[in-house]
Amino acid sequence: MKKFFVLFALLTAFIFAACTGTVSNQAEKNDKKTEQDQVSASGSVEQENETEKEETVKSTKAKLLYMGHASLRITTAEGKVIYIDPFAGDGYGPEADLILVTHAHFDHNALDKVKNRRSDCRTITWKEALDGGKHQTFDLGYVKIEAVEAGYNKNHDVKECVGYILTFSDGVSVYVSGDTSKTEQMPALAEQKLDYAFYCCDGVYNMDLPEAAECAKLVGAKHDVPYHVVPPKDGKYFDRSRAEQFDSPNRLIINEGEEIELVSDSKEH
Ligand SMILES: [Zn+2]
């Protein structure tokens, strides 16, 4: 009988030990699982932060879409949408905050292309830009616009044409020549150390490639972009092989339909 009790006690103790073991193992497993969850949760939080950071970095840069001919769309870091000389190509969907027109010719002034406009959309044409016969500047907060000389050839009167220099909130500047030949003001533009400069160079209605290269040298921007490279006919608004003949050491060719990020290149040249 005594033996039976001893055996019973041992058996109970064994079962108890086994049970607690299982329970503590289970508890350990649960702890580990919670730990793992936390690790993976914090991992995904970090990942989310990374994505957010990337997006923030991206959104601090303005973007420029070349739509062909002299038509550009710029989306600023603030998300404001600017159309310049609407006429060619695709990409007129985003609502406009600002429309800039350099002169009255049909291939620059197709305002009906921009159907979507914000209620406070501003339109600045050569008329406003040359108010009182003087080149005006406009400060809209997200961009400063300076009208500059354009014309100086038989098709374009300096009193009815302008170019624009846009300076964005991050300091990046873009000059669009509009339709022009070399202007008297160009050497003075060099002081601004512009980031991007667009030069017309069709050689029919405007200056030809060598004169455009001479202008690029005078203005001395960090990136010289040939645009309005051919006369607008037969729906052809860009010619890459002609753009490649634009002779500037700072040449940047943007293809029709291509969008680039506008960055300030801090190094002097
Ligand atoms: Zn034109």
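Student: Which residues are buried in α4?
Tutor: The model is a predicted one. A residue counts as buried when 20 or more other C-beta atoms lie within 10 Å of its own. In α4, the residues that are buried are Ala-212, Ala-213, Cys-215, Ala-216 and Val-219.

Student: Within what arc do the buried residues of α4 fall, seen down its axis?
Tutor: The buried residues of α4 include Ala-212 and Val-219. Seen down the helix axis, they line one face of α4, because they fall within an arc of 155°.

Student: Which elements do the buried residues of α4 pack against?
Tutor: Helix α4, residues 209–219, lies across β9, β10 and β11. It runs at about 155° to β10. A helix, α3, also belongs to the list of packing partners.

Student: Which residue with a positive phi follows α4?
Tutor: Helix α4 covers residues 209–219. The residue after it has a phi near 65°, and that residue is Gly-220.

Student: Which residues touch the most other members of the largest nonpolar core?
Tutor: This core holds 59 residues. One of the buried residues of α4, Val-219, is among those asked for. The residues that touch the most other members are Tyr-175, Ala-197 and Val-219.

Student: Leaving aside neighbours within four places in sequence, which residues is Ala-197 in contact with?
Tutor: Contact here requires C-beta atoms within 7 Å. Two of the partners, Ala-216 and Val-219, are buried residues of α4. The list for Ala-197 is Tyr-175, Ala-216, Val-219, Ala-221, Asp-224 and Val-225.

Student: What is the strand order in the open sheet that contains β9, β10 and β11?
Tutor: This sheet has 6 strands, and its pairing is mixed. Its edge strands are β6 (137–139) and β11 (223–227), each pairing on one side only. The twist averages 15° from one strand to the next. The order is β6-β7-β8-β9-β10-β11.

Student: In β7, which residue is the bridge partner of Phe-138?
Tutor: Strands β6 and β7 pair in the antiparallel sense over 3 bridges. Strand β7 takes up residues 143–149. The bridge partner of Phe-138 is Ile-145.

Student: What is the order of strands in the open sheet that contains β1 and β12?
Tutor: This sheet also has 6 strands with mixed pairing. Its edge strands, β5 (117–124) and β12 (259–262), each pair on one side only. From one strand to the next the twist averages 20°. The order is β5-β4-β3-β2-β1-β12.

Student: How many of the residues of β2 are buried?
Tutor: Strand β2 runs over residues 71–75 and has 5 residues. The strand is mostly covered. The number buried is 4.

Student: In β2, which residue is the bridge partner of Leu-65?
Tutor: Strand β1, residues 62–68, pairs with β2 in the antiparallel sense over 5 bridges. The two strands form a hairpin with 2 residues between them. The bridge partner of Leu-65 is Arg-73.

Student: Which residue takes a positive phi in the hairpin of β2 and β3?
Tutor: Strands β2 and β3 run antiparallel and are joined by 4 bridges. Leu-72 stands opposite Ile-84 in this pairing. The hairpin has 5 residues between the strands. The residue with a positive phi, near 85°, is Gly-79.

Student: How many other C-beta atoms lie within 10 Å of His-69?
Tutor: His-69 is found in the loop between β1 and β2. Its phi is near 50°, a positive value in a residue other than glycine. His-69 is buried, because the count of other C-beta atoms within 10 Å is 24.

Student: How many other C-beta atoms lie within 10 Å of His-228?
Tutor: His-228 sits in the loop between β11 and α5. It has a positive phi of about 50° although it is not a glycine. His-228 is buried, and its count of other C-beta atoms within 10 Å is 30.

Student: What percentage of the residues of the chain count as buried?
Tutor: The chain has 5 helices and 12 strands. It is made up of 269 residues. Of these, the share that counts as buried is 35%.

Notes:
Residues numbered from 1 in each chain as written. Predicted model: local features only at pLDDT ≥ 70, side-chain atom pairs only at ≥ 80, totals over all residues. Pairing = 2+ DSSP bridges. Axes fitted to C-alpha atoms, helices over the stretch in contact; angles between N-to-C directions. Buried ≥ 20, exposed ≤ 12 C-beta atoms within 10 Å, placed from the backbone. Core = buried A, V, L, I, M, F, W, Y, C linked by C-beta atoms within 7 Å. Arc of directions from axis to C-beta.
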